[in-house]
Structure formats: structure tokens, C-alpha cells
Amino acid sequence: RVFEESRAFNEGTVRDLENIRLQYVGAKAEEKDVLRATAIHRFSVYPKDRLPLDLRNFYNDLERGE
């Protein structure tokens, strides 16, 4: 639990999720399904209330299949 609260963990996770978002935005249609599944899994282990607004919106879009 302490590790999850650490600044390094939070910054690293947000950076990782931002990279996934960038990959998704630049992906071809056929690649997006795989990236969507990966992104949803990665987002699932991080508290949504700690996400920056742009990532929270991206995650919500993914959950709606957009």
C-alpha cells in the first residue's frame, strides 16, 4: 500500500497511461482493439480519482467503446 501511495508510483503510472493514450490515438483501426483491451486493463489497477482529467476522459471513452 505504501508503494502505491508513492510519488514515483503515481508519476510512473500516469506516464505509462499517457503513453498508451498516445499510442491509441496514433493507431490504425485494426490496432485499436488490442490497445483498448490493454488500456482498460492498465487503467483498472489505478484509482480513477487520481487520474488527470484528460486520462479520465480517455478511459471513459474506452469503456463506452469510443
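What is the mean pLDDT of the protein chain? In this predicted model, the mean pLDDT of the protein chain is 90, and 94% of its residues reach 70 or more. The chain holds four helices and zero strands.

**Confidence by element**

- Among the elements of the protein chain, helix α4 has the highest mean pLDDT, at 95.
- The lowest mean pLDDT among the elements, 62, belongs to helix α1, which covers residues 2-5.

**Overall architecture**

- Along the sequence, the elements of the protein chain follow the pattern α-α-α-α.
- The radius of gyration of the protein chain is 12 Å, close to the 11 Å that the globule rule gives for 66 residues, so the chain is as compact as a globular protein of that length.
- The C-alpha trace of the protein chain spans about 40 × 20 × 15 Å along its principal axes.

**Packing of α2 with α4**

- Helix α2 (residues 7-26) packs with helix α4 (residues 53-63) at an angle of about 55°, and their axes lie 11 Å apart.
- Because of this angle, α2 counts as oblique to α4.
- The crossing in which α2 passes α4 is left-handed.
- On the α2 side, the residues in contact are V14, L17, E18, R21 and Y24, and they meet D54, L55, F58 and L62 in α4.
- By class, the residues of the contact of α2 with α4 comprise six nonpolar, no polar and three charged.

**Packing of α3 with α4**

- The axes of helix α3 (residues 29-44) and helix α4 cross at roughly 125° and come within 10 Å.
- With that angle, α3 is likewise described as oblique to α4.
- Helix α3 passes α4 in a left-handed crossing.
- R36, A39, I40 and F43 of α3 make the contact together with L55, F58, Y59 and L62 of α4.
- The residues of the contact of α3 with α4 divide into seven nonpolar, no polar and one charged.

**Residues of α4 in both contacts**

- L55, F58 and L62 of α4 take part in the contact with α2 and also in the contact with α3.
- D54 of α4 is listed in the contact with α2, while Y59 of α4 is listed in the contact with α3.

Methods:
Residues are numbered from 1 along each chain as its sequence is written. This is a predicted model: local features need pLDDT of at least 70, side-chain atom pairs count only at pLDDT 80 or more; totals for chains, interfaces and linings use all residues. Side-chain values use heavy atoms; hydrogens and water are left out. Axes are lines fitted to C-alpha atoms, for helices over the stretch in contact, and angles run from 0 to 180 degrees between N-to-C directions. Helices (H or I, at least four residues) and strands (E, at least two) are DSSP runs, numbered from the N terminus. Angles under 35 degrees count as roughly parallel, over 145 as roughly antiparallel, 65 to 115 as roughly perpendicular and the rest as oblique. A crossing is left-handed if the near helix is turned anticlockwise from the far one by less than a right angle, and right-handed if clockwise. Contact means heavy atoms within 4.5 Å. Ala, Val, Leu, Ile, Met, Phe, Trp, Tyr, Cys and Pro count as nonpolar, Asp, Glu, Lys and Arg as charged, and the others, Gly among them, as polar. pLDDT is the predictor's confidence in each residue, from 0 to 100. The radius of gyration is taken over C-alpha atoms; the globule rule is 2.2 Å times the number of residues to the power 0.38.
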